[in-house]
Amino acid sequence: MSQLLPFTPLLLKGLLVTILLTVAGMVLALVVAFAAGLARMSPRRWLRWPAAVFVEVFRGTSMLVQLFWLFFALPFFGVKLVPFAAAILALGLNEGAYGAEIVRGSITALPRGQREGAIALSLSPYQRMRHVILPQAIPSMIPPFGNVLVDLLKNTSLVSLVTVADLAFTAQMVRNTTGATAAVFGAILVLYFVVAYAFSFGTNRLEKWVDPSRPARPVSIGDGRVS
């Protein structure tokens, strides 16, 4: 491990890039998830069908292929993205597609009487969603979105393949320099776990703050994939 000490600032810089990618990707994923999830529930087919195609395509194809397509293929159509932007877009769109099913599932799981009561009060569709449905559905979205956040963190390791200097990229540089394969990958394994655990702990605290009546859940690092 002493071989890694001179490279600690480099690894920490890569860790910071990984955290920035995770946070930015999650913000985009949330926007995409709510937009696509609500669109899939729309009575208008011109909204519902494109949203369904988007969700199925991005859930049904590899995120690595999506990343390569955004970074290497889009320039042939006149759109060139810097590596960091391509990475955030791939992470946000891929995880947002899974998040869309979380949004749709949480809303459809609400008792039918909630919608009927809102209609009886002559609330508009926007008012029903804003004041009745979403406030009740969002607390149940938090745990699966926490899993999506952890899954997104783990997927950031793929962006090193498009030259983003994240933790995986800097670890590979240190490994090539020192030859200390076990020490380097053991160190970043611990770093990924610590960050993932911190995200999971924060999600649990947020869940408890939003709905104090819910029993506390043990902190777990799970998979965010939702079928």
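Here is a walk through the structure above, from its overall build to a few stretches of the chain.

This is a predicted model, where local features need pLDDT of at least 70, side-chain atom pairs count only at pLDDT 80 or more, and totals for chains, interfaces and linings use all residues. Residues are numbered from 1 along each chain as its sequence is written, and side-chain values use heavy atoms, leaving out hydrogens and water.

The protein has eight helices and zero strands, with helices (H or I, at least four residues) and strands (E, at least two) taken as DSSP runs numbered from the N terminus. Along the principal axes, the C-alpha atoms fill a box of roughly 70 × 50 × 25 Å.

Now, how much of the protein is tucked away? Of its 227 residues, 42% are buried, meaning under 20% relative accessible area with a 1.4 Å probe, counting protein chains only. Contacts (heavy atoms within 4.5 Å) tell you about the fold too: among those between residues at least 6 apart in sequence, 74% join residues at least 24 apart.

Next, some labels from a record. An unreviewed UniProt entry marks residues 15-200 as "domain: ABC transmembrane type-1", and such annotations may be inferred rather than shown by experiment. In the model, that span is 81% helix, and its end C-alpha atoms lie 17 Å apart.

The unreviewed entry also gives "transmembrane region" for residues 15-39, 67-91 and 179-199. Look at residues 15-39: the chain is 100% helix there, with end C-alpha atoms 35 Å apart. Residues 67-91 are 64% helix, and their end C-alpha atoms are 8 Å apart.

Definitions and conventions:
Buried < 20%, exposed > 50% of the residue type's maximum accessible area, 1.4 Å probe, protein only.
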